[in-house]
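Subject: Handing over the structure

Hello,

Here is the structure I promised to pass on to you. Have a look at it first, and then read my notes below.

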Amino acid sequence: MFRMLASASFKAASCQPKVLHDVASRHLQSSSYDVALVGAGIVGLATARELILRHPTLSFILLEKEKELSSHQSGHNSGVIHSGIYYTPGSLKARLCVRGASLAYEYCDKKGLPYKKCGKLIVAVEQEEIPRLKALYERGQKNNVRDLSIADAKGIREREPYCRGIIALDSPHTGIVDWRQVALQYGKDFEEAGGKVLTQYEVNDISMVKESPAGGAEGLKYPIAIKDKKNNEVRCRYVLTCGGLYSDRLSQISGCSREPRIVPFRGDYLVLKPEKHYLVKGNIYPVPDPRFPFLGVHFTPRMDGSIWLGPNAVLAFKREGYKVYDINVRDLADALSFRGLQKLVLRNIRYGVGEMYRGIFIGAQVKILQKYIPELSRSDVLRGPAGVRAQALDRDGNLVDDFVFDGGVGDVGSRVLHVRNAPSPAATSSLAIAEMIADEVESRFAL
């Protein structure tokens with residue numbers, strides 16, 4: 001059975017952990033652990049760290065299908081430390097974001113990880129946006145977002161000399177950081193506390209074992225077997241999965257429902273040419289339009305000095321497809337045959353076509369960006385990187401905006417916990433989410 005927590009109710013290389021890459025090194029290590037975690041994105045790494053710090057006498061292993069940690073969503077995002085403005089007051093998402101941002105700044109200070117509090121303006125450029133902006137201000141106040149204020153047109157120019165708008169919400173404690181660097185540091189903490197990290201281990205099966213391993217003296221102390229596609233096996237007492245783009249498939253192989261289904265959406269960014277960096281000082285965001293499912297394009301400075309513009313939001317033809325022509329037949333058929341996606345597309349057909357058009361024709365994307373910075377021109381930008389978002393959808397085509405846990409049924413279900421959905425802003429909230437997941441693990445399992 002799955003449990004949904006409704007939001008209304010509730011230096012990079014030096015940070016890389018030591019990992020066991022090849023089969024020979026795997027056989028030198030114990031293959032039985034108290035807890036196995038699957039998925040080494042930022043949520044999985046933060047949770048692994050939280051659990052081992054709470055339970056230092058237990059043995060933990062973290063399994064990751066890629067060669068490197070934090071290779072997908074955690075390493076392909078805007079790099080913003082959000083402050084918690086957008087979310088329903090009192091909701092779980094709001095509380096986790098506000099606490100998560102505070103914990104993230106404290107953690108970066110403690111570990112010496114660089115970040116910048118460059119702030120954010122949410123800018124109203126049309127009269128019809130002003131009531132929505134003022135409603136966001138009220139939300140931010142109720143969510144205890146620090147030092148939030150409203151700036152008039154003059155205040156906007158003082159904050160962002162080249163930005164034009166009627167009024168804006170000024171969030172000075174919004175920041176930027178390299179989230180992959182943070183995630184790798186979580187992994188280093190986990191490894192230093194005694195945890196094991198095993199990469200290139202693509203989980204293919206999670207099941208109960210029927211008998212003890214040959215020559216084993218511990219009986220069924222470790223009754224769960226996790227096998228990869230090469231038939232290597234790790235035994236454990238309990239399993240926690242944080243699978244991101246593959247969370248539904250990981251759930252399915254242990255006998256759980258695949259819903260909510262993961263549908264991948266690619267976001268393509270533009271980058272501002274270096275000689276035009278003076279146009280943007282901090283984050284510049286639009287006022288969200290409730291008619292549309294995604295936020296819209298924005299201006300985002302990066303820790304490396306670059307400035308990203310975007311992204312759009314289009315269906316990715318591959319779950320890890322960062323290029324337009326990346327296609328996986330299974331992933332594409334899986335998405336297109338899902339009634340939930342079909343219903344979402346039919347409700348937002350005009351919006352979706354517009355997103356695809358702007359993804360193909362850069363000038364159309366620039367035209368929207370010019371509403372905020374009129375001096376921007378088509379010649380000022382280049383095509384940039386892309387990210388893929390693991391969007392959870394229900395069968396009615398609704399974006400699942402809540403945290404979802406699934407434990408399944410039967411003997412396996414009593415020892416497996418799937419984190420089915422950890423919605424944005426999961427990176428900002430990662431340490432707070434890890435606390436919540438660890439609490440859930442402790443409530444379900446006899447650690």
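**Two cis prolines**

Pro-311 sits in the loop that runs between strand 17 (307-310) and strand 18 (314-315). The peptide bond joining Gly-310 and Pro-311 is cis, with omega about 0°. Another cis bond leads from Glu-259 to Pro-260, where omega is near 5°. Pro-260 is placed in the loop between helix 8 (247-253) and strand 14 (261-272). As background, most peptide bonds are trans, and most residues other than glycine have a negative phi.

**How to read the notes**

This is a predicted model, in which local features need pLDDT of at least 70 and side-chain atom pairs count only at pLDDT 80 or more, while totals for chains, interfaces and linings use all residues. Residues are numbered from 1 along each chain as its sequence is written, and side-chain values use heavy atoms, with hydrogens and water left out. Helices (H or I, at least four residues) and strands (E, at least two) are DSSP runs, numbered from the N terminus.

Helix 5 covers residues 130-142. Its 13 residues should span 18 Å at 1.5 Å a residue, and its end C-alpha atoms are 19 Å apart, which agrees. The expected span is 1.5 Å times one less than the number of residues.

Which residues of helix 5 are buried? They are Ile-130, Leu-133, Leu-136 and Gly-140. These residues cover an arc of only 115° around the axis, which puts them on the same side of helix 5. (The arc is that of the directions from the helix axis to the C-beta atoms. Buried means under 20% relative accessible area, exposed over 50%, and partly exposed in between, with a 1.4 Å probe and protein chains only.) The buried residues of helix 5 pack against strand 6 (120-124) and strand 8 (167-171), whereas Pro-131 and Lys-142 are exposed on the face turned away from the buried side.

The loop between helix 5 and strand 7 (149-152) holds Asn-143. Asn-143 counts as buried because its relative accessibility is 7%. Its side chain reaches the backbone oxygen of Tyr-87 at 2.9 Å. Beyond its neighbours within four places in sequence, Asn-143 has contacts (heavy atoms within 4.5 Å) that include Gly-84, Ile-85, Pro-89 and Val-98.

Asn-144 is in the loop between helix 5 and strand 7 too, but it is exposed, with a relative accessible area of 59%. Its phi is near 65°, a positive value in a residue other than glycine. Ser-70 also has a positive phi, near 55°. You will find Ser-70 in the loop between strand 3 (60-63) and strand 4 (80-81), where it counts as buried at 1% relative accessibility.

**Helix 11**

Helix 11 (residues 349-360) has twelve residues and reaches 17 Å from its first C-alpha to its last, close to the 16 Å expected. Tyr-351, Gly-354, Glu-355, Arg-358 and Gly-359 are its buried residues. Seen down the axis, they fall within an arc of 135°, so they line one face of helix 11. They pack against strand 18, helix 12 and strand 19. Arg-350 and Ile-360 are exposed on the other side of helix 11.

**The cores and Leu-376**

The largest nonpolar core has 50 residues, and Leu-240 and Ile-437 have the most contacts inside it. A second, separate core of 23 residues includes Val-125, Val-280, Val-366 and Leu-369. (A nonpolar core is a set of buried Ala, Val, Leu, Ile, Met, Phe, Trp, Tyr and Cys residues joined through side-chain atoms within 4.5 Å.)

Leu-376 lies in the loop between helix 12 (362-369) and strand 19 (381-393), and it is buried, with a relative accessible area of 2%. Among the residues it touches, leaving aside neighbours within four places in sequence, are Leu-272, Phe-299, Val-366 and Leu-369. The C-alpha atoms of Leu-376 and Tyr-162 are separated by 9.2 Å, although these residues are 214 residues apart along the chain.

**Cysteines**

How many disulfides does a search of the whole structure find? It finds zero, with a disulfide taken as a pair of cysteine sulfur atoms within 2.5 Å. For Cys-256, the nearest cysteine sulfur is that of Cys-242, 14 Å away. Cys-256 is buried, with a relative accessible area of 10%, and Cys-108 counts as buried at 2%.

Enjoy exploring it!

Conventions: A polar contact is a pair of N or O atoms within 3.5 Å; within protein, one must be able to donate a hydrogen and the other to accept it, and residues adjacent in sequence count only if both atoms are side-chain atoms.
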